[in-house]
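Let's take a look at a protein together. Have the sequence and the 3D picture ready.

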Amino acid sequence: MSNKGATKSAGSEPTLGTDPFKDTVQRLRETFNSGRTRPAAFRVAQLEGLGRFLREKQQLLQEALVQDLRKSPFESDISEIILCQNEVDLALKNLQAWMKDTPASTNLLTKLDSAFTRKEPFGLVLIIGPWNYPVNLTLVPLVGAIAAGNCVILKPSEISKGTEKVLAEVLPQYLDQSSFAVALGGPEETQKLLEHKFDYILFTGSPRVGKIIYQSAAKHLTPITLELGGKNPCYVDDNCDPQTVANRLAWFRYFNTGQTCVAPDYVLCSPEMQERLVPALQNTITRFYGEDPQNSPNLGRIISQKHFKRLHELLSCGRVAFGGQSDENSLYIAPTVLVDVQEKEKVMQEEIFGPILPLMTVRSLDEAIDFINRREKPLALYAFSNNSQVVNQVLDRTSSGNFGGNDGFLYMTLPSLPFGGVGKSGMGRYHGKFSFDTFSNHRACLLSPSGLEKLNEIRYPPYSSRAQKLLRWAMSSHSCTLL
Amino acid sequence: MEREVQRVRQAFRSGRSRPLQFRLRQLAALRRMVEEHEKDLLVAIGADLCKSEFNVYSQEVITILGEIDFMLANLPEWITPKPAKRSLLTMLDEVCVQPEPLGVILIIGAWNYPFVLAMQPLVGAIAAGNAAVIKPSELSENTAKILAKLLPQYLDQDLYAVINGGAEETTELLKHRFDHILYTGNAAVGKIVMAAAAKHLTPVTLELGGKSPCYVDKDCDLDVVCRRITWGKLMNCGQTCIAPDYILCEASLQNQIMQKIKETVKEFYGENIKESPDYERIINLRHFKRIQSLIEGQKIAFGGETDEATRYIAPTILTDVDPKSKVMQEEIFGPILPIVPVKNADEAISFINEREKPLALYIFSHNNKLIKRMIDETSSGGVTVNDVIMHFTLNALPFGGVGSSGMGAYHGKYSFDTFSHHRSCLLKSLKREGANKLRYPPNSQSKVKLAKFLLLKQFNKGKLGLLLLTFLCAVAAVFFKVGYH
């Protein structure tokens, strides 16, 4: 589906029986085969175009984010636009270095050769973006895919309609349209898109849909990165200042109205800590959003009716310590803290993805760690304590995509850290150089001199006993493998 | 089978496989196993492929010993958390990437190098602190049996299990949940493995295959070229995933190449190839018949003899091969070497690019410009120029495919990385909460500018960053004190 059709509403009807994406896929493949996207100069031009888009259309993007999620300019800037700009700048600055062949150390017998790993584009990349950070989670992968020399089809989420429109109608004007296209549609169209062969797919979304993407990729043996989610536990030790913890916890929980894959999902703490944490959280929330959060310009809204209804149901789990108000008309849910929550309740069974924070009590650190390890590996894990040993224990005895000690997902702002999940929370990673590496084929190259054949004699049959002895000796020296 | 897989999982949960010392001990034990039972291994593996003991040693055993030694030497360094660059905002925090084991690794081996292709992944899995289930190929029966017998004698019996069986057992095994699957084999089964993995969201490394092209330029020393090609092609009777599958060259070179290969074969294996202890056999009757059918109707320049009773197929060269013929449609995996004439290097490049991306690409040439162009304009898992096979032997190079020749890579540190999860960590202290006021609502536009500055500048030189941070903190403290009151 070319960008020309983007003016239709998201989910433009495909003509019966025809494949709306066939021409685009073919066109982009031809472009890739022509070698157009490979030279550094081309990649730089594209990245500069993307940079200009972010600068010139900043306001347009902010408006789209307001439309989609009622995201405040502050949040739009620091969690979407600035991070994208940063990635563009980083790629522009480092592209030459990233593109260089990586030399490999050689062993005794191949010391005379040149051995290196060459990074090459895969070809045609598909990036499927979600609705919660619709700019960041489509454009940051895009930076990596372009930097690595690929052609890209971007499939933004149809749920964040405002952003989808900007990406479909405006972004292509800044990029080379023979190597970049936006595909539109809902689940049905995405299925159709996935019937085509891609050379790499990066998907951000739920584990449920992740499985579907993975199955589709398997049909074509397409390598993938899946950025999924889960319930991100947050352990709060007794040894800490509850107000500081509450500030940090609340900020990361209610940012983007809780619709963040790495947000702290639930808290594990002792009953005593809970007593102190609840009022501290209330204090923080009032400071952040005022007495009437519904009127705070700093609190966003739920993305859609469907999610609003889902979250509304969760409000009846456990007991509302404070918050709990909602307004269906404006898709508003108040920053809420739940207590007395049972493990079997719905709020503890699915990723919350909203401004609701359940507190669960545990009797000890061990019990908390057991609780965490009984469940699927989360995308993020947090531990708060003045005692660094406690933090390190949680880190060492659990597994998760990422880990934050005494703070929330601040690590997301560092492109020097790889971002990705493990187990059901995902596979593969990106950000910064990791994006470039993810979207590249790492090709092992060995250049052997054509002379010096005498040295090779030893490896050819027939193997006399003398040759065998000599060969064994030569090969058993340090780090030798097959002759 | 359910019980065995559960037992392995429980063993992993105990945490035993994680400490460095444990991993080193297991690897050392594995090394002892190979040393102490060298003879038994050579005999077993040799029996599966009618391979001389020396060839088993030089092709399989030595590789594993080298890999284990490499791990033992480097593991202590690899498992340490690696610091990452910080921004001004995170200057005082501990920022690093920590490698952790994934859990239970499933290794599905292949029959052509039955020892290496089960053991090399296992070495990596152990090094990364995982438990493992190994499913050797049932076609290389003797190796499968001896692995099932020996591994439990040397390794922790609950953490590492060998499960033997055929397609049925493998299908059953794939229904279970693993934390990573490394499969070596063909693309058709690769898709099945990937589809099974998808159900559990299990990441996979697929070492598949394809037709690895071998381009021979004019003006080469054909003596040397042909010896190297013959060596690589006929190793293991052509049953090597990175064997040069077919040759591309200008028509005028065909005869010379054919002649020199013929001479080399004689040199390597003598007049009566069947009698040579260094020449292997085809693994089974099915593959024998398959390879036999590839020769049918072809112009045999040399070779072509077969003997079903011993599954012997002579080194065979086909010339003027039609790209549409059967022998050019599937990975040969046998001692048949088609030569496909092309007009020039350009045509060779187009020919290669019209087909699936191969596991290996070989280029023989003196012309550096041509070599560069050929590498630049094609894609493959690996490349060796002016030789064959060798890029496999360097564990400093990743070994893996691309497109239908596979995904992911391993060997050496790449194994360690493949079987680890690299967990990003940011550790702060609960102090200096004042600095956080910058990010808390209610927000303002001026905050954004400051935030941008603090977030974006990355620092290598810690001292400079710290100095700047201290200065800014002082400024910020004053600013916010004033602003808040």
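## Ground rules

This is a predicted model, where local features need pLDDT of at least 70, side-chain atom pairs count only at pLDDT 80 or more, and totals for chains, interfaces and linings use all residues. Residues are numbered from 1 along each chain as its sequence is written, chains are lettered from A and ligands numbered from 1 in the order in which they are written, and side-chain values use heavy atoms, with hydrogens and water left out.

## Chain B at a glance

Chain B has 17 helices and 20 strands (DSSP runs numbered from the N terminus: H or I with at least four residues for helices, E with at least two for strands). Of its 485 residues, 63% are buried (under 20% relative accessible area, with a 1.4 Å probe and protein chains only).

## One tucked-away residue

B:Asp93 sits in the loop between β2 (86-87) and β3 (94-101) of chain B. B:Asp93 counts as buried because its relative accessible area is 4%. Leaving out residues up to four places away in sequence, B:Asp93 is in contact (heavy atoms within 4.5 Å) with A:Leu410, B:Arg86, B:Leu426, B:Leu427 and B:Lys428.

## A sheet across two chains

Now find the open sheet of 10 strands, in the order β10(A)-β13(A)-β14(A)-β9(A)-β8(A)-β15(A)-β16(A)-β19(B)-β3(B)-β1(B), with mixed pairing (strands pair if DSSP finds at least two bridges between them). At its edges are β10 (319-322) of chain A and β1 (82-83) of chain B, each pairing on one side only.

Within chain A, β15 (residues 380-384) and β16 (residues 402-405) run parallel, joined by 4 bridges. Here A:Ala380 stands opposite A:Asn402.

Terms used
Buried < 20%, exposed > 50% of the residue type's maximum accessible area, 1.4 Å probe, protein only.
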